[in-house]
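Please look over the sequence and the coordinates below before reading on.

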Amino acid sequence: MSEDLARRKIATLFSRLDVDGNGSIENSDMKKWADKLVSFGNIDTAGEADLREKMNTMWNEYFAPADADNSGSISFYEMCTYFETVAADKSKQDVLKSLLPLIFDAIDSDKSASVTKTEFANYFKSLNINDQKIADQVFESIDVNSDGTISKQEFTEFGKNFFTSDESDPASLLFGPLI
């Protein structure tokens, strides 16, 4: 994968996770993303508490380590630097891949152990992507057994390819169209 494509993927992820649009990612962005998922989903009180806990875990275990200057926020430069080290370190890749089941659980608002087209469309909406056609296209690419739902395994396998796929691979659209 070219360096330009890798930067575009990081920029896409950064843009989607900078929920408040202030040019950096903080734990408050994870909380705001959780708010969006709750507002779009069918989440009961226990599910909401679980979602918020998972978002906090995502911040603490997967994103806070990118905060090189310990400012409490991640700049685009810090995220790029962090993902460059992840690309070169198998153990960091494994840590990042373990984030995917947490994202799946956040999307699975009814806790059915599968994600429906509606839940997936809500996930895209939570990332400020309101293009149903793209959501459907990505959904169908993830649903490899064509049963009309996405399993945690399908989502995780698809997501593992986000940072290694070329632009023509549907996995490059895990966080929506590339910037």
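The paragraphs that follow go from overall fold and surface to individual ring pairs.

The model is predicted. The protein contains nine helices and four strands. Read from the N terminus, the order of these elements is α-β-α-α-β-α-α-α-β-α-α-β-α.

As for overall dimensions, the C-alpha trace of the protein spans about 40 × 35 × 30 Å along its principal axes. The radius of gyration is 15 Å, which agrees with the value near 16 Å that a compact globule of 179 residues would have. Of those 179 residues, 46% count as buried. Sequence separation can be considered next: of the contacts between residues at least 6 apart in sequence, 55% join residues at least 24 apart.

The surface and the charges can be described together. The protein exposes about 8500 Å², and carbon and sulfur atoms supply 50% of this area. There are 32 negative and 18 positive side chains. The centres of these two sets lie 1 Å apart.

The structure holds eight aromatic pairs. In one of them, the ring centres of Phe-14 and Phe-76 are 5.6 Å apart and the ring planes stand at 80 degrees; planes over 60 degrees apart count as edge-to-face, so this pair is edge-to-face. Phe-14 lies in helix H1 (residues 3–17) and Phe-76 in helix H4 (residues 76–87), so that the pair links distant parts of the chain, 62 residues apart.

Phe-162 and Phe-175 are both buried.

Which residues form one aromatic cluster? Phe-120, Tyr-123, Phe-124 and Phe-139 do.

Notes
Residues numbered from 1 in each chain as written. Predicted model: local features only at pLDDT ≥ 70, side-chain atom pairs only at ≥ 80, totals over all residues. Heavy atoms only, no water. Helix = DSSP H or I, 4+ residues; strand = E, 2+ residues; numbered from the N terminus. Rg over C-alpha atoms; globule rule 2.2 N^0.38 Å. Buried < 20%, exposed > 50% of the residue type's maximum accessible area, 1.4 Å probe, protein only. Contact = heavy atoms within 4.5 Å. Areas by Shrake-Rupley, 256 points an atom, 1.4 Å probe, with all protein chains shown as cover. Lys, Arg positive; Asp, Glu negative; His and termini not counted. Charge placed at Lys NZ, Arg CZ, Asp CG, Glu CD. Phe/Tyr/Trp six-rings, centres within 6.5 Å; stacked < 30°, edge-to-face > 60°.
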